[in-house]
Amino acid sequence: MSVATQDTAVSTGRATRVLIYLILLLFALFYLLPLYVMGVNSLKPLEEITGGNMMALPGQWTLDPWRQAWSTAQIGVEPTGLKPYFLNSILMVVPAVAISTIVGALNGYVLTKWRFRGDTWVFGLMLFSCFIPFQIVLIPMAVVLGKLGLAGSVPGLILVHVVYGIGFTTLYFRNYYASFPTELIRAAQIDGAGFFRIFWRILLPVSGPIAVVSVIWQFTNIWNDFLFGVSFGGTSQPMTVALNNLVQSSTGVKEYNVHFAGAILAALPTLVVYIVAGRYFVRGLMAGSVKG
Amino acid sequence: MAATEADFRTRLQDWLPKLVLAPSFAVTLLFVYGFILFTVVLSFTGSKMLPKFDWVGFENYGKLFALPAWSTAIANIAIFATLYIVICTLIGLMLAIFLDQKIRGEGMLRPIYLYPMALSFIVTGTAWKWFLDPGIGLQRIMQQWGWESFTFTWIKDGDMAIYTIVIAAVWQTSGFVMAMFLAGLRGIDNEILKAAQIDGASNWQLYRRIVIPLLRPAFLSAFVILSHLAIKSYDLVIALTGGGPGRATEMPATFMYSYTFTRNQMGIGASSAVIMLMTIAAIMVPYLYAELKEKKA
Amino acid sequence: MRLFGKTLTATAALVMTTSLALAEDVEVLHWWTSGGEAAALNVLKEDLASKGIGWVDMPVAGGGGEAAMTALRARVTAGDPPTAVQMLGFDILDWAGEGALGDLTEVATAEGWDAVVPTALQAFSKADGKWIAAPVNVHSTNWVWINKAALDATGLGEPTTWEELVAVLDKMKENGITPLGHGGQAWQDATVFDGIVLGMGTDFYKAAFVDLDPAALGGEQMAEAFNRLIKLRTYVDDNFSGRDWNLASAMVINGEAGMQMMGDWAKGEFLKAGKVPGTDFVCIRFPGTQGAVTFNSDQFAMFNVEGDAAKAAQGAMASAIMNPTFQSAFNVVKGSVPARTDVPNDAFDDCGKKGMADLAEANTSGKLFGSMAHGHAAPAAVKNATYDVITAAFNGEYADGAAAAAALAEAVAAAQ
């Protein structure tokens, strides 16, 4: 875990450096382009979009599309905007991310520090859950949720996201804890510390970087999920379903500016998470998961 | 009395780790392997709208491989997965190496490269669909800017549309791959590089001979993540082309979804799912086996 | 005794209030999320609210209800179906076949639905003699919407045969506009093809698309129908693929394109753009299909619900849907025509009145057919199989119409 964090020792010439900066900037433009298109067009009146150039800055700046998308756009029978769905998403995402991260941390702890016969098999089997296409689990999942009495409810949705998230979180924490010196654990054990005490006092305090990776990963996946939300969300549908209703409406004038504003609004939480926690993200990846 | 209590406590401590792991394992057995088994069973039944258990043998598989759309889907996933994985890896590696050269503004650039991964398919799809549409997007912009003969109609062209999906998919994940390689690069001990430099190795040789071989774990992780994203790619296709023009951009995941849920031919949908799962297993199992065996040693 | 009587009234009052409070909510799954449709649906919601019935909204838009149907499947499998679900054609019968639908016969008999709902519609609202769904509207799909100025510029009249249609399209091409505004999505291609097939004779349409007769599906007439479809492709601009239908309507509205072949919902786009039927645009039946109508009908299928209060709420909702006032109000907004034949046509415009008259005429003459493109002629598997072939043919993947017809017969056989 004591990896070198400084940049590479490789040195480059002046011309090469100019070229490198140029390429890096070009790619930055490539990545920013769609965001620019959405942002700029969400600040224009509709006529400017249909009649003008989509790259052009607004001739007349307006925040109305944003206001509409948030509070008055037609999502269902009533023109509520995306506002009420935002809360639905939060109520689902926060517990789901928290539970799957904690469970993943405990699993990783057991799989590296309390090893038993066949533990790699258990881990291998759990890992395969990351690769299952979600479309195939829809029907059997509905049966199970129905039996549990959780169909069409927020707890049901949380359960689904936790189930298909623990594969990833376990992988992250296991690889991270693998490089933590096991001697420290043994020493603490000799001192009489129990299972949870060791986890709480020794491992948890150093888990920051990998917890960030796990939280970012889970938060984005769950926030952006549409399939489970639309199938199991019942009447507390998440933001993605509402956004889909907004942009997919079958008849009537397509209000592209409102659609773009809504799309950015729906993406805002995950964008904030990436920008705020982005620097820790690379550090967390570095600290474990990539080294495998 | 005290002895038995202590005894109980040690026993509990012995069992505790397994007890902690047990729920996750049980849940995985049911929700992953149970459901896979369910799908396999379903693929041998004549299920239409809802699951039914009338055994039809291999009939669904026969029908599946006779459908031209399934062949299209297989051909498409081959093109898409190859290009997507190769291009993402190349771009990711290049950006990571460049960003690693003590670049000023790295803190600005990194989130810019990473943010597409944060967006949902509806957002990515609508934005790219717009941008690639000849009538309103890139083609029209170029023509408005004076380049009258500029044409870019891939998204409307049955032979080229699959490549627009590659573009959008690369846009979405190459930054993430960059982060994985960057993490790998930062983990390399600089002393090794310095020693090689003293030996007179050029930068090119340095990367080719020393750095890239050291990045092997990052390559493997990138490959696994990218290949499973490629096989699962459903959302982006639906949002960008809806499987069109015609059915030119049909993929196994979209195929499976449409037969199971909109065409009421659940049996055929399940058999395509089984083929997909077998493909995933063929890629993942050797990887997992190698990884886990290495760990044990 | 007095005391007893008092208690009894008190109890009765109590029972009444409880039953009012218990008059349960209806949970409604639908994909009408755009402004006009949602506003029309809101009429229904408020009507129910006045009867003390709450409305729990579950909107799922996208793909003509495909996403909604996936959500529905999950809900039914979980044993937690919504009260009412917006649904089209054979989907209703398929769900009835699964035993998932409730029974509206009591309400229907009391209100005499049998006498006022066209027989062709009842085929989808009833199963085994029981009413299972309440139809909201009838859309007819064999319309052509023509820009009046573009038509006048050709010097030709409204086309009534295939040959006249081709002449008009050729002339429009000469005049330098895109003759046919079209969006390349499977259901739009299929909507056009419905018109072509129906234009070759109602018997042929019925044999091929309703009875699924292999000889009709793969025969010479079908080959000719595909040749016509391939011919129409030459009148469409190159940027058509994936275009939404309302953008194609917009092309006709602003004169960029000459005409669009689309169901009656396209009218809403023209009206919203301030265009007047008869002066700015004309609506005609697909040439050769005069007197015949292909339709699709949105219905609310009623699912099995538990408890008397829930059943009562469901019945009240069905009754409110069938109310002539609601039928008129909703369909004026939606551009369709009412699902019952006794609704006065005062509130409708010229195209709407024509639609209502055509529907009544086709209903009596037996020329009212379910639309294949919209899932009212054959079950989903067959419908989608025809989509595959029609779209492939439109995109030029077959050498000629005969090859496409052969592929159609094969695809339909495989899907059955």
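**Close-ups of a predicted three-chain assembly**

**View 1. Where chain A meets chain B.** This contact draws 74 residues from chain A and 83 residues from chain B, two residues being in contact if their C-beta atoms, placed from the backbone, lie within 7 Å. The model is predicted, so local features need pLDDT of at least 70 and side-chain atom pairs count only at pLDDT 80 or more, while totals for chains, interfaces and linings use all residues. Residues are numbered from 1 along each chain as its sequence is written, with chains lettered from A and ligands numbered from 1 in the order in which they are written. On the chain A side, the helices that each supply at least two residues include H1 (14-41), H4 (83-113) and H14 (256-289); helices (H or I, at least four residues) and strands (E, at least two) are DSSP runs, numbered from the N terminus. H14(A) gives the most, with 15 residues. By class, this side of chain A has 51 nonpolar, 20 polar and 3 charged residues (Ala, Val, Leu, Ile, Met, Phe, Trp, Tyr, Cys and Pro count as nonpolar, Asp, Glu, Lys and Arg as charged, and the others, Gly among them, as polar).

**View 2. Where chain C meets chain B.** Here, 22 residues come from chain C and 20 residues from chain B. H3 (66-77) and H19 (380-394) of chain C each put in at least two residues, and H19(C) gives the most, with 6 residues. The chain C side splits into 6 nonpolar, 9 polar and 7 charged residues.

**View 3. An open sheet in chain C.** Its 4 strands run in the order S14-S7-S12-S15, with mixed pairing (two strands pair if DSSP finds at least two bridges between them). S14 (337-338) and S15 (368-370) of chain C sit at the edges with a single partner strand each, so one side of each has no neighbour in the sheet. S7 (residues 137-140) and S12 (residues 293-296) of chain C run antiparallel, joined by 2 bridges. C:His139 stands opposite C:Asn296 in S12(C).
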